[in-house]
Amino acid sequence: MNNSRDIRQAIAVKKWFQNKCKGTLIQPTGCGKTKTALKALSKVFNKYPTVRILVVVPTDNLKQQWRVQLDDLGMQFNADAQVINSIIKHTWVTDILVLDEIHRYAASTFREVFNKVKYKYVLGLTATFNRLDGKHELIKQYCPIIDKITLQEAKLNHWVSSFKEYQVIIDVDNIEEYREYNKSFIASFEFFNFDWNLAMSMVGKVGYKSRLTYRDILCKNGTLEQKKETLKNITYHAMNFMRMIQKRKAFINNHPKKIEIARKIIEARSNSKIITFSNNIKMAEAIGMGGQVYTGKDSKKKARANLEEFNQAKTGIIHSVAKLDEGADIKGLSVAIILGLNSSEIKSTQRRGRCIRFEEGKTAEIFNIIINDTVESKWFASSHKNSTYITVDEQGLDDILNGREPKPYVKPIKDYQFRF
């Protein structure tokens, strides 16, 4: 038992009570957020045995985990855990509202939880609070941050396992294909003055209306023929903007070189318990190597059975497509291979957390496979701006997999060719 962690959790619980049982606790994944919350709830329950508790979670896996732990503490008649999708469909009344992964509930639909649930006290839990869209500021109005444990603090005190994270830069032979997509994307993005929100408003349900409005701005005093031509150009660039975004993502998320690198890591760590993260089923299935693909499309009963079977295994591979990014507590995971990411710091934090839960003697490894000279490098930089990691090329990866110290990564100078 880690006494320092118990003491730190007690401090977090005390801060919640001092703030009149209202606030969010930020703790790294694997550090014991749920245990901290259970200590707070137990303290209330022991004093007020009729207290009502409602725990809101984003996934079925988390719901099952919470229910088991609430039952173990004898709260089965006072407390329940429900998935957010169910919560926002009905009206609920409780004394204490617990919002696990509270950063999720800043989205416009899920924010309804604060209207659908009538509560006296609220406890929020998350590993990382800030969202790219800035909507975490809305959550602070309902549930302000009252305590934060950093990853550095958790690692220093051995509340999470020791780990190393790598950015593995790979070169691909068909990079010119990506460059053509990117060139076309930039041309259309430039048409909208590199205004992301403006470009995105030109597509979707209100796209046509937005295009008409933009036409009138660009061609205010033009003739009917000029307005038709302007609208045609706007429509072309709006559609091309989205099409090139999709083509760039498909190139990055489905590249066969990533499968090759993932398999190399799996072979070198065959005695470990491994999780891979892909952005689509096609990629997850293509990795293979005897691993099961977990997408959440199976029945809840079958999905839980498959996950429990993997949980009990000492070695093996599970390929995740979104559903295991957060909330899954899997024993023994020590290797994570990330083949598809975006710029979200929250998602990277959650994925890292799958394999850094503390286990005696464990050192975890997280490998982010990044295609050189693509927007993926920017996504990685954005999602890891507060993280510590080591950048290596393919030779450096080989060194790591063979127990050697990798040489410092040196970004190659681009060989530009000019045509006149």
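**Close-up 1. Ser272 in its loop.** In this predicted model, Ser272 sits in the loop that joins helix H12 (256-268) to strand E10 (273-278). Is Ser272 buried or exposed? Its relative accessible area is 17%, and because buried means under 20% relative accessible area, Ser272 counts as buried. When its neighbours within four places in sequence are left aside, the residues in contact with Ser272 are Thr315, Gly316, Ser334 and Val335.

**Close-up 2. Helix H12 beside helix H17.** Two packed helices are described by the angle between their axes and the distance between the axes. For H12 and helix H17 (residues 394-401), the axes come within 10 Å and cross at roughly 15°. Angles under 35 degrees count as roughly parallel, and H12 and H17 are therefore described as roughly parallel to each other. Their crossing is right-handed. On the H12 side the residues that meet H17 are Lys257, Ile261, Lys264, Ile265 and Ala268, while H17 brings Glu394, Leu397, Asp398 and Leu401 to the contact. Sorted by class, this contact of H12 with H17 holds five nonpolar and four charged residues, and no polar ones.

**Close-up 3. Gly396 within helix H17.** Gly396 has its place in helix H17, and with a relative accessible area of 4% this glycine is buried. The view also takes in Pro408, which lies 12 residues from Gly396 along the chain, with 8.1 Å separating the C-alpha atoms of the two residues.

**Close-up 4. Helix H10 against helix H11.** Here the pair is helix H10 (residues 207-218) and helix H11 (residues 224-253), whose axes come within 9 Å and cross at roughly 130°. At that angle H10 is oblique to H11, and H10 passes H11 in a right-handed crossing. Which residues of H10 and H11 meet? From H10 they are Tyr208, Arg211, Leu212, Tyr214, Arg215, Asp216 and Leu218, and from H11 they are Lys227, Thr230, Leu231, Ile234, Thr235, Ala238 and Met239. The residues of this contact of H10 with H11 divide into eight nonpolar, two polar and four charged.

**Close-up 5. Helix H1 against helix H2.** Helix H1 (residues 3-18) and helix H2 (residues 33-47) pack at an angle of about 55°, and their axes are 9 Å apart. H1 and H2 are therefore oblique to each other, and H1 passes H2 in a right-handed crossing. In H1 the residues of the contact are Asp6, Gln9, Ala12, Val13, Trp16 and Phe17, and these meet Lys35, Thr36, Lys39, Ala40, Lys43 and Val44 in H2. By class, the contact of H1 with H2 divides into six nonpolar, two polar and four charged residues.

Close-up 6. Why is helix H15 (residues 345-353) described as largely enclosed by the rest of the structure? The reason is that eight of its nine residues are buried. The buried residues in H15 are Glu345, Ile346, Ser348, Thr349, Gln350, Arg351, Arg352 and Gly353. These buried residues of H15 pack against several helices and strands, namely helix H7 (151-156), strand E9 (162-170), strand E10, strand E13 (333-338), strand E14 (363-371) and helix H16 (376-383).

**Close-up 7. His319 in strand E12.** His319 lies in strand E12 (residues 316-321), and with a relative accessible area of 0% this histidine is buried. Not counting residues up to four places away in sequence, His319 touches Thr276, Ala284, Ile287, Gly288, Gly291, Gln292, Val293 and Tyr294.

**Close-up 8. His90 in its loop.** His90 belongs to the loop between helix H4 (84-87) and strand E4 (92-93). At 46% relative accessibility, His90 counts as partly exposed.

**Close-up 9. Cysteines without disulfides.** How many disulfides does a search of the whole structure find? The search finds zero. Cys355 is in no disulfide, and the nearest cysteine sulfur, which belongs to Cys31, is 15 Å away.

Note on methods. Residues numbered from 1 in each chain as written. Predicted model: local features only at pLDDT ≥ 70, side-chain atom pairs only at ≥ 80, totals over all residues. Heavy atoms only, no water. Disulfide = S-S within 2.5 Å. Helix = DSSP H or I, 4+ residues; strand = E, 2+ residues; numbered from the N terminus. Buried < 20%, exposed > 50% of the residue type's maximum accessible area, 1.4 Å probe, protein only. Contact = heavy atoms within 4.5 Å. Axes fitted to C-alpha atoms, helices over the stretch in contact; angles between N-to-C directions. Parallel < 35°, antiparallel > 145°, perpendicular 65-115°, else oblique. Left-handed = near helix turned anticlockwise from the far one by under 90°. Nonpolar A, V, L, I, M, F, W, Y, C, P; charged D, E, K, R; others polar.
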